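Morning, everyone. Please have a look at this structure before I start.

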Amino acid sequence: MISIFDDMAQVTESEVRRMLPLVDEQRREEALRYKHLFGQFACLKSWLMLQDLLKPLGIKDLEMVYNDHGKPFLVHYPEVYFNLSHCKNGIAVAVDFSPIGIDIESFRSSNLALLSKTMNAPETEWILASADPVETFTQYWTKKEAVVKMRGTGIIDDLHHVLDGEGYRLETHINREKRYAFSIAFSQIP
């Protein structure tokens with residue numbers, strides 16, 4: 001199950017105040033640690049989106065534990081996996097019964113140093129030769145982020161070879177009007 005929010009006109013102080021009492025104390029404190037309005041909004045909104053996705057599964061207890069890389073898991077529902085992501089143009093939440101990763105990113109340009117640090121030679125060539133290198137870079141970046149988030153490792157992996165592995169399925173979606181891309185990595189556990 002996937003939920004995407006991209007009505008950024010709703011990012012207001014009044015909306016943050018409205019959402020604060022809808023989450024538990026820990027999430028409220030986490031949201032208020034953000035200095036900027038968008039960080040507060042994204043923290044609260046992503047949590048409420050997660051709650052909405054879990055409701056049909058009968059899950060109301062969102063007590064978390066975290067792996068060594070900071071990936072959260074539900075304490076009382078280890079068979080349910082989720083992932084959250086946000087950027088200035090949107091918020092994305094994914095829930096599944098096997099490991100899942102999601103990443104949403106606003107279109108952003110890259111320089112050659114960033115390309116060489118994050119992309120292998122064929123990916124770099126494809127990005128530079130594409131009709132829209134900014135969009136293509138963003139697509140590749142979201143794919144790599146989604147995979148490492150699904151694995152639960154974060155960006156400690158060698159980013160050049162993240163997409164070389166097996167055992168997952170990728171979906172990438174582009175919103176050209178709102179200038180973002182998001183990718184979902186679904187685990188294909190045998």
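M1 sits in the segment before β1 (2-5). Helices here are DSSP runs of H or I with at least four residues, strands are runs of E with at least two, and both are numbered from the N terminus. This is a predicted model, where local features need pLDDT of at least 70, side-chain atom pairs count only at pLDDT 80 or more, and totals for chains, interfaces and linings use all residues. Residues are numbered from 1 along each chain as its sequence is written, and side-chain values use heavy atoms, with hydrogens and water left out.

Back to M1. Its relative accessibility is 40%, so M1 counts as partly exposed. The cut-offs: buried is under 20% relative accessible area, exposed is over 50%, and partly exposed is in between, with a 1.4 Å probe and protein chains only.

Now a sheet. It is open, has three strands, and runs in the order β1-β5-β4 with antiparallel pairing. Pairing takes at least two DSSP bridges between two strands. β1 and β4 are at the edges with a single partner strand each, so one side of each has no neighbour in the sheet. Neighbouring strands are turned by 10 degrees against each other on average, direction ignored. Helix α3 (residues 37-54) packs on this sheet and touches β1, β4 and β5. The direction of α3 makes about 30 degrees with that of β5. Contact means heavy atoms within 4.5 Å. Axes are lines fitted to C-alpha atoms, for helices over the stretch in contact, and angles run from 0 to 180 degrees between N-to-C directions.

Look at β4 (residues 81-87) and β5 (residues 90-96). They pair in the antiparallel sense over seven bridges. A hairpin of two residues joins β4 to β5. S85 has A92 in β5 as its bridge partner.

Next, another open sheet of three strands, in the order β6-β8-β7, with antiparallel pairing. β6 (100-106) and β7 (168-175) are its edge strands, each pairing on one side only. From one strand to the next, the twist averages 10 degrees. β6 pairs with β8 (residues 180-187) over seven bridges. There, G101 stands opposite A185 in β8.

Between β7 and β8 is a loop that holds R179. R179 is not a glycine, yet has a positive phi of about 60 degrees. With a relative accessible area of 42%, R179 is partly exposed.

Last, helix α6 (residues 133-151). It lies across β6, β7 and β8, at about 150 degrees to β6. T138 is in α6. Is T138 buried or exposed? Buried, with a relative accessible area of 1%. Leaving aside neighbours within four places in sequence, T138 contacts E105, S106, F107, R108 and A181.
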